[in-house]
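Please look through the sequence and the structure shown here before reading on; the paragraphs that follow begin with charged side chains and then turn to the chain as a whole.

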Amino acid sequence: MSKLKGKTLFITGASRGIGKAIGLRAARDGANIVIAAKTADRIRSCRHHLHGAAEMEAAGGKALACAVDIRLEEQVRQAVCQAVETFGGIDILVNNASAIRLTGTLATPMQRFDLMHQVNVRGAFSCSQACIPHLLKSSNPHILNISPPLKFESRWFAPHVAYTMAKYGDEPVRAGHGGGISRPGMAVNALWPRTDSSPRQRY
């Protein structure tokens, strides 16, 4: 029997990309998937969420779609409460949602700078804060951040310093929660998936 069968995963940004792939893989093991995601178009967003939930269930799991802007604390807390009411708890939080703009300093509007920091850093912190009380009730709780290792080399900053700053901000969130909220069985890890320019790293 899979270790994920019956477990509940709260995945931000799970309607597409890496978050969706993680959700589908867990769903194949019989997990409950909370799709916490947002797009700019409300109507299209609802269809996207519903479609994503149907895919998770077709893969073998159960799914709950929650339209969530993780910059907004109340929306995060409402989604967490809905997840707990639906599935009885939360076992795994995947902080996957991310805002990205790979531009240099002069080409990065401050509005976009703020968005990346609000989603990538504040969002991960907010979702962790809301989920941890429920995770601590799980028999085997986990937090997984999709974030890179801290490498203070100019090649990672120079092309897109605003994005790198924001994405690196996820790692202190992981390290702080891993060291400050530990108990037997509580795991806080990070995964940095491979792209054309970076190898897959898990640490």
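A salt bridge is here a side-chain nitrogen of Lys or Arg lying within 4 Å of a carboxyl oxygen of Asp or Glu. The model is a predicted one, in which local features need pLDDT of at least 70 and side-chain atom pairs count only at pLDDT 80 or more, whereas totals for chains, interfaces and linings use all residues. Residues are numbered from 1 along each chain as its sequence is written, and side-chain values use heavy atoms, with hydrogens and water left out.

Side chains of opposite charge can pair when their charged atoms come close. The structure holds four salt bridges, and one of them joins Glu-55 to Lys-20, with 2.6 Å between the closest N and O atoms. Because Glu-55 lies in helix α2 (residues 42-58) and Lys-20 in helix α1 (residues 17-28), this pair ties together parts that are 35 residues apart in sequence; helices are DSSP runs of H or I with at least four residues, strands are runs of E with at least two, and both are numbered from the N terminus. Lys-20 is buried at a relative accessible area of 17%, while Glu-55, at 25%, counts as partly exposed; buried means under 20% relative accessible area, exposed over 50%, and partly exposed in between, computed with a 1.4 Å probe on protein chains only.

Another salt bridge links Asp-29 and Arg-25, whose closest N and O atoms are 3.0 Å apart. Asp-29 is partly exposed at 22%, and Arg-25 is likewise partly exposed, at 42%. Glu-73 and Arg-77 also meet through their side chains in a salt bridge, at 3.2 Å from N to O. These two residues are four apart in helix α3 (residues 73-87), which means that about one helical turn separates Glu-73 and Arg-77. Glu-73 has a relative accessibility of 40% and counts as partly exposed, as does Arg-77 at 29%.

For the chain as a whole, the secondary structure comes to seven helices and seven strands, and from the N terminus on the elements run β-α-β-α-β-α-β-α-β-α-α-α-β-β. Of the 203 residues, 47% count as buried. Helix α6 (residues 161-168) is largely enclosed by the rest of the structure, because six of its eight residues are buried, including Tyr-163, Lys-167 and Tyr-168. Where contact means heavy atoms within 4.5 Å, 67% of the contacts between residues at least 6 apart in sequence join residues at least 24 apart.
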